[in-house]
Amino acid sequence: MSLFKTKPDFPSENSYGLPKLPPGQLYTEKFPVMTYGPTPIVELEDWRFEITGLVNQRRVWTWKEFMALPQTTLHSDFHCVTHWSRFDDDWSGVLFRDLWEVIKDDVKPEAAFVMQHAYGGYTTNLPLAWMLEEDVLIAHTFNGKPLEAEHGGPMRVFTPKRYAWKGAKWIKGLEFMEHDRPGFWEQNGYSNSASPWKEERYWD
Ligand SMILES: Nc1nc2c(c(=O)[nH]1)N[C@H]1C(S)=C(S)[C@@H](COP(=O)(O)O)O[C@H]1N2
Ligand SMILES: [Mo]
């Protein structure tokens, strides 16, 4: 049995009016686990989320505090740089832009880039302006169930408009930076901008 369906029946465009299947991608119903290194196991009572870097004060949220932030469910597709795409999952969590409303007075005006830091040490970077797009989600629920540990549970970042390495599984915090800095895969040759529709796979 093949990993990929050869003739998926899906609309030609996604909710952004872009091709639902980006160039060079294949559709799958599976959800492969793509992790560099071991899976960190983080219990909810131990989980913390913090903001660091260019902040006036370091702030830390417990699980309960983070879950009290506004919650959003996105219906979205998922694109991995290794050429597979999943369609139409429901992801629930806190939009970065809703978190931003709570933290913006604590973040210094020079901050222009954000580094995601994960339990286990993974990092990935994005401009603050891209983090503020309408669909960057810090997610804990996948298709109505708590996100499994291998997929980044209890909490991960999901960036539907970027290849999936731009979302850290096991997120533990965000660092605000004045200057851009490459994260883990960006240091290892992956693109800094990661648009599936421009096929920005590798760093030229
Ligand atoms: N902490 C952490 N986050 C990560 C990764 C990782 O290795 N560690 N891999 C990235 C890559 S390359 C992809 S494609 C997606 C895969 O998510 P999945 O394992 O849920 O499919 O997670 C991204 N986030
Ligand atoms: Mo990936």
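User: How many cavities of 30 Å³ or more turn up?

Analyst: A search of the whole structure finds two. This is a predicted model, where local features need pLDDT of at least 70 and side-chain atom pairs count only at pLDDT 80 or more, while totals for chains, interfaces and linings use all residues. Residues are numbered from 1 along each chain as its sequence is written, chains are lettered from A and ligands numbered from 1 in the order in which they are written, and side-chain values use heavy atoms, with hydrogens and water left out.

User: What counts as a cavity or a pocket here?

Analyst: Both are found on a 1 Å grid over the protein atoms alone. A cavity is a set of points where a 1.4 Å probe fits but cannot get out. A pocket is an open set with protein on both sides within 12 Å along at least five of seven lines. Lining residues have an atom within 4 Å of a point. Grid points are joined across faces, edges and corners, and a volume is the space filled by probe spheres set on the points.

User: What volume does the largest cavity have, and which residues line it?

Analyst: Its volume is about 40 Å³. The lining is L126, W130, E133, D135, V136, T159, K161 and R162. Three of these are nonpolar, one is polar and four are charged. In this scheme Ala, Val, Leu, Ile, Met, Phe, Trp, Tyr, Cys and Pro count as nonpolar, Asp, Glu, Lys and Arg as charged, and the others, Gly among them, as polar.

User: And the second largest cavity, what lines that?

Analyst: The second largest cavity holds about 30 Å³ of space. D77, F78, H79, F158, T159, P160, R162, Y163 and A164 line it. Strand 4 (residues 72-79) gives the largest share, three residues. Strands are DSSP runs of E, at least two residues, numbered from the N terminus.

User: Now the ligand. Where does ligand 1 sit?

Analyst: Ligand 1 takes up the space of the largest pocket. A molecule sits in a pocket if more than half of its atoms lie within 2 Å of its grid points. That pocket has a volume of about 490 Å³. It is lined by 28 residues, and M34, T35, Y36, Y122 and K169 lie nearest its centre.

User: Which residues come nearest to ligand 1 itself?

Analyst: P32, Y36, H151, R156 and K169, out of 20 residues around ligand 1. A residue is near if one of its heavy atoms lies within 4 Å. By class, that shell has 15 nonpolar, three polar and two charged residues.

User: What about polar contacts?

Analyst: A polar contact is a pair of N or O atoms within 3.5 Å. An oxygen atom of ligand 1 lies 2.7 Å from a backbone N or O atom of P32. A polar backbone atom of M34 is 2.8 Å from an oxygen atom of ligand 1. For Y36, the distance from a polar backbone atom to a ligand 1 oxygen is 2.7 Å. The protein buries 97% of the 530 Å² that ligand 1 exposes when taken alone; these accessible areas come from the Shrake-Rupley method with a 1.4 Å probe.

How values were computed. Helix = DSSP H or I, 4+ residues; strand = E, 2+ residues; numbered from the N terminus. Polar contact = N/O pair within 3.5 Å; in protein donor to acceptor, adjacent residues only side chain to side chain.
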